[in-house]
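I opened this notebook to keep track of what I look up. The entries follow in the order I made them.

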Amino acid sequence: MAQIAPFPCHSASPVLGPPRDHPVLIVGGCGGIGWALCQALLAQGVQVAILDLPGALERRDLAGVAVASPVDLADLGSIERVFATAAL
């Protein structure tokens, strides 16, 4: 079985994701796995931006999230609008 290399760390202790000064964009960040990833990164002080459907954003407590933008990936215009106004 192939071995998966861990994410390169900038310290002796293992961390999930990038260093704190690198923002992370999570598409579908309000869903189960996406939300768990957001929470883990926020707990480590990483800046998190979430793109998700408007209804999904409304159902979550987005405290601590740097940017939360509604987007419908089935609508090209929606995608273009969110990246035209990206704040990160």
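**Entry 1: ground rules.** I take helices (H or I, at least four residues) and strands (E, at least two) as DSSP runs, numbered from the N terminus. With that settled, I read the elements from the N terminus on as β-α-β-α-β-α. The chain has three helices and three strands. I note that this is a predicted model, where local features need pLDDT of at least 70, side-chain atom pairs count only at pLDDT 80 or more, and totals for chains, interfaces and linings use all residues. Residues are numbered from 1 along each chain as its sequence is written, and side-chain values use heavy atoms, with hydrogens and water left out.

**Entry 2: the chain as a whole.** I looked up the accessible surface, computed by the Shrake-Rupley method with a 1.4 Å probe, where for residues only the protein chains shown count as cover. For the chain it comes to about 5900 Å², and 61% of that belongs to carbon and sulfur atoms. Next I needed burial. Buried means under 20% relative accessible area, exposed means over 50%, and partly exposed lies in between (1.4 Å probe, protein chains only). Buried residues make up 26% of the 88 residues in the chain. Then I checked contacts, meaning heavy atoms within 4.5 Å. Among contacts between residues at least 6 apart in sequence, 34% join residues at least 24 apart.

**Entry 3: the sheet.** In what order do the strands of the open sheet lie? I found E1-E2-E3, three strands with parallel pairing. The edge strands are E1 (24-27) and E3 (67-70), and each pairs on one side only. Neighbouring strands are turned by 15 degrees against each other on average, direction ignored. For such angles, axes are lines fitted to C-alpha atoms, for helices over the stretch in contact, and values run from 0 to 180 degrees between N-to-C directions. Two strands count as paired if DSSP finds at least two bridges between them.

**Entry 4: strand by strand.** I went through the pairs. E1 and E2 run parallel and are joined by four bridges. Here Leu 25 stands opposite Ala 49 in E2, and Val 27 stands opposite Leu 51 in E2. E2 (residues 48-52) is also joined to E3 by four bridges, again parallel. On that side Ala 49 stands opposite Val 67 in E3, and Leu 51 stands opposite Ser 69 in E3.

**Entry 5: the faces of the strands.** Why do I call E2 largely enclosed by the rest of the structure? Because five of the five residues of E2 are buried. Val 48, Ile 50 and Asp 52 point one way from E2, while Ala 49 and Leu 51 point the other way. E1 reads otherwise: Val 24 and Ile 26 form a covered face, and Leu 25 and Val 27 an uncovered one.

**Entry 6: the helices.** I traced E1, helix H1 (residues 32-43) and E2, and they make a right-handed β-α-β unit. Right-handed here means that, with the strands pointing away from the viewer, the path from the first strand over the helix to the second runs clockwise. Helix H2 (residues 54-58) holds Ala 56. Ala 56 counts as buried because its relative accessibility is 11%. Helix H3 (residues 76-84) lies across E1, E2 and E3, and runs at about 155 degrees to E3.

**Entry 7: before the sheet.** I stopped at Pro 18, in the segment before E1. Buried or exposed is Pro 18? Pro 18 has a relative accessible area of 17%, so it is buried. Its C-alpha atom is 8.7 Å from that of Leu 41, which is 23 residues away along the chain.

**Entry 8: charges.** How many salt bridges does the structure hold? I found one. The term means a side-chain nitrogen of Lys or Arg within 4 Å of a carboxyl oxygen of Asp or Glu. The partners are Asp 75 and Arg 81, with the closest N and O atoms 3.8 Å apart. Asp 75 is partly exposed, at 33% relative accessibility. Arg 81 is exposed, at 51%.
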